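Me: I'd like to go through this model with you. Can we keep it brisk?

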Amino acid sequence: MRVNVQPPAGASVARSTGIHLLALVLLGMTCLTGCGGCSQKTAAQKAAEKQAEDEKAAEEAKKKAEEEKKNKPFIIERLTPMLSQSLISTDKNNSLQLAKPGHWTTTVQPMKANLEDFDGRITLTVVDAKRRPRPLPHTRYDMVSSRPAILAKGRPKRVENEILIPTDSNKVNIRCELSDRLSGSAVTPPQTESWLLMPAHQYFILVLAKEPGRYAFLKLTESINAPNEEDGAAGPPHYRVVFADGNKALPLPGNVLTWTSIAYIFWDEVNLDRLDTQQQQALVDWIHWGGRLIINGPDSLDSLRASFLANCLPADPGERIAFDQKAVEKFNQYWGMRDKGKTLKSLAVTKDWSGVKLKPRPAAKPLRNAEGLFYEMPVGAGSVVVSAIQLTERDLLNWPGFDGFLNGAVLRRPPRLFRVEDLAGAYTGLQTLWAGHDDHSRDAYYTTPVRWFARDAGTKANATSRMVNVDPATGMTGYGQYAIEERQTVVDRPGGLGEWSETSPVSKVARDSLREAAGVRVPAASFVVMCLAVYLIVLVPLNWMVFHALGRVEWAWISAPIIAVIGTLAVVHQAQLDIGFVRSQTEIALLELQGDHPRGHLSRYTALYASLSSTYDMEFGDVSAVATPFPHDENWNPRYGDSISTVSFEKYDQARLRGVEISSATTQMIHSEQMVSLDGPIRMYASTTTPNLKQIDNKSAYSLADAVIMRRRFDGSGKEQIAGCWIGDIPSGQSRLVPAMSPLAWKQGTLPFQTERQEAAKLWYKKRLNVDPLLEMAFKFPAAAEDPIHGRQEETRLVARIDEMLPGAVTSPGASQTAGATVVLAHLEESLPPTAVRDLNSPSDVMTDQQRNAYMESLDASEPTPDDEQ
């Protein structure tokens, strides 16, 4: 029998309520876990969503900014130094704007006119922190640089300009202004850019390559970085490496006088169509004045042998070949050894290297122990290197001896010594020193091979850390009552070598000679007697005879005052012609020539005298010209309240310096430089008529006077031997036999062949300007102790003078009296520097593996992540 048991009343209700409560709890738990946790977002997902939102917002802001730009009449981008436009700053968003102090710099500024075609000009001015124009040192002038800005509607254009960078600060402010050419009114608000200035010893290395990223290894080498940690801080690198795509617009100025901050160029499969005629000419000029071009042979020689660089190549390309381990044995043996360190790990050719067989030209020589692999050839004062293998060969780059080969052979720099400072057991960092020259680690003579005699002769370009006495109140160095001793970096020349300096030895000599030559010349006594005699003859006998013949003698008394007035005007006119009473111009110049190169570097120092206040312009016949007012006194500085006038350096159809104001009865000087093309070179070659003698040929179109040929050689012990011979006059288009040379010696303050000079001077019908101090400088070869790159080069040079002002510069208004002289320095033959030498040791000899790894990590951290490519 089934018994049905009924639950008590209310029990079903309780159970139902419990079920509902349980369901509610489970539902709450579900809500708390986000539907069972299936929709919970991780931190990475949230960050990705936020990044996407930020990118979307940035893209929208960018589009909005682009739309706003389209509605503006003009779009003006940032002003950038051309050579640093592809360097990336630490913030990764802007270029690292670097300029060399004291050097002329080519600038680039992209701009576009949106509404209509525009004919304007862009003007650059160096300003101080308060945006006021900065005066040129030791003058009463400030200067602006002006260039045309012709914009076609809607078409972007990169407008170039040139400006002289000051030397007296760590950074420079440049104000740029776009204005209408006709009205002169500004069409956009002025922009001001702040640029950092490079240290005196630091220069640019350009890498022009089809694949510039392959040369990124350069930034990690000791040759480039030159680690030199001192007082807990690493010194600045020797070079800033600029990478440029060889298939795009190249950052090469068209004016070689703005290349003075470039030390070396690497060239690898560059599209020659990317270089215009001015850039090609500038590159060739740069090499002749000391630049070193390093060519990756396998990929570049074929295209270059019929190019503008054809005559500069050390070798011609042959068939394609492979290089095995045997081909690098001698190379590895020398460059892997260290005289004061461990022998480095051998260079291993893991797989045969693909390359080209080089056919060296007669003047070419192999790099030390690199025959068949690398060749170099002198070109003027510079040189060109070409490789038979890829410069970026992986086995070569991974070899520990590569950096030593890069420094000593490829860059042709002196050997180095590495050390670390161990202060009380504390490691302070790696230091790079020049072997035997510890105090020259920041000397520009060791970091750039480029030399311009007018700028660099007789200069020092070192930066050393010294203990100096400093007045704590003013910060000025000196020996005051409260002066304290403090360590400071003392810099000889802020701009290093190539600096445009008005106080360099050549500038000082030219200034002194101009002061002597540019004085007002009083008329001779014969001029006064002649004028008086003519006046009396006209006034008395001639006057009386004329009116006597007319039968009106009494009229002679009426004509007497009229004759007196006319006579006075005639005398004044003749006096102006004789003494420069209105205006006079005196010029002393230096023309430097290199080998068979038919172009020269002409430096002019011009003195302009005006008896009445005048404003002068100087126009040049070559677009390479640069010019500034030249201080009459290198110690003079404007005082508070002195008026400062503005001069304009312009490059339109021609280069010109405008608006040089000269007060009455004063002299103002102008310093200018330009490249000049000659009818032909001044060259020396073996005589075809007289055995064992040479011949000097003058095709320059100018007659040379007081010509001397000098030769420097070094004997087996390294002692300098100088010999020379007197040539005398070499008229334009003629040649002279070079007699046997004899040893030369002369006292300071005199010139060689003094007797011959005195005899030659007797033949001149007029007084010559005194340029002997400048000639004396031209006779001096660079000293090995001061110039490690060129100081031990064997050379033959010609020193002469041209007793006239060379064409190519016109002043307006013109002068009624002119005088000029030009010193000619022609480097006829120049050898390569002495044999390349390896380093004494390696960083691995003085650093532990841990220290080495920390050092390499510091290089990675200090370098920008992008490849610094255009």
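Reply: Burial cut-offs come first. Buried means under 20% relative accessible area, exposed means over 50%, and partly exposed is in between (1.4 Å probe, protein chains only). At 1% relative accessibility, Phe 779 therefore counts as buried.

Me: What kind of model is this, and which cut-offs on pLDDT apply?

Reply: This is a predicted model: local features need pLDDT of at least 70, side-chain atom pairs count only at pLDDT 80 or more, and totals for chains, interfaces and linings use all residues. Residues are numbered from 1 along each chain as its sequence is written, and side-chain values use heavy atoms, with hydrogens and water left out.

Me: How many helices and strands are in the chain?

Reply: The chain has 16 helices and 40 strands. Both are DSSP runs numbered from the N terminus: helices are H or I with at least four residues, strands are E with at least two.

Me: What share of the chain is buried?

Reply: Of the 870 residues, 48% are buried. Contacts (heavy atoms within 4.5 Å) reach along the sequence too. Among those with a separation of 6 or more, 74% are between residues 24 or more positions apart.

Me: Back to Phe 779. Which residue does Phe 779 pair with?

Reply: Trp 746. Rings of Phe, Tyr and Trp (its six-membered ring) pair if their centres lie within 6.5 Å; planes under 30 degrees apart are stacked, over 60 edge-to-face, and the rest tilted. The structure holds 19 aromatic pairs. In one of them, Tyr 239 and Tyr 264 have ring centres 5.9 Å apart and planes at 80°, so that pair is edge-to-face. Both tyrosines are buried. The pair of Trp 746 and Phe 779 is edge-to-face as well, at 6.1 Å centre to centre and 65° between the planes.

Me: Where do Trp 746 and Phe 779 lie?

Reply: In loops. Trp 746 is between strand S37 (742-743) and helix H13 (754-761), and Phe 779 is between helix H14 (772-778) and strand S38 (795-802), so the pair ties together parts 33 residues apart in sequence. Trp 746 is partly exposed, with a relative accessible area of 24%.

Me: Which residues do ring pairs link into a cluster?

Reply: Phe 331, Tyr 334, Trp 335, Phe 374, Trp 399 and Phe 405. Phe 405 is also one of the buried residues in H8.

Me: How many residues of H8 are buried?

Reply: 9 of the 9 in helix H8 (residues 402-410), so the helix is largely enclosed by the rest of the structure. Arg 412 follows H8, with a positive phi near 60°.

Me: New topic. Which arginines lie over ring faces?

Reply: Arg 792 lies over the face of Phe 714, at 4.6 Å from the ring centre. Arg 797 lies over Phe 781, at 4.4 Å. The test is NZ of Lys or CZ of Arg within 6 Å of the ring centre and within 35 degrees of the ring normal.

Me: And Asp 273: buried or exposed?

Reply: Exposed, because its relative accessibility is 72%. Asp 273 is in the loop between S14 and helix H4 (277-288). Asn 247 is 26 residues away along the chain, and the C-alpha atoms of Asp 273 and Asn 247 are separated by 8.6 Å.
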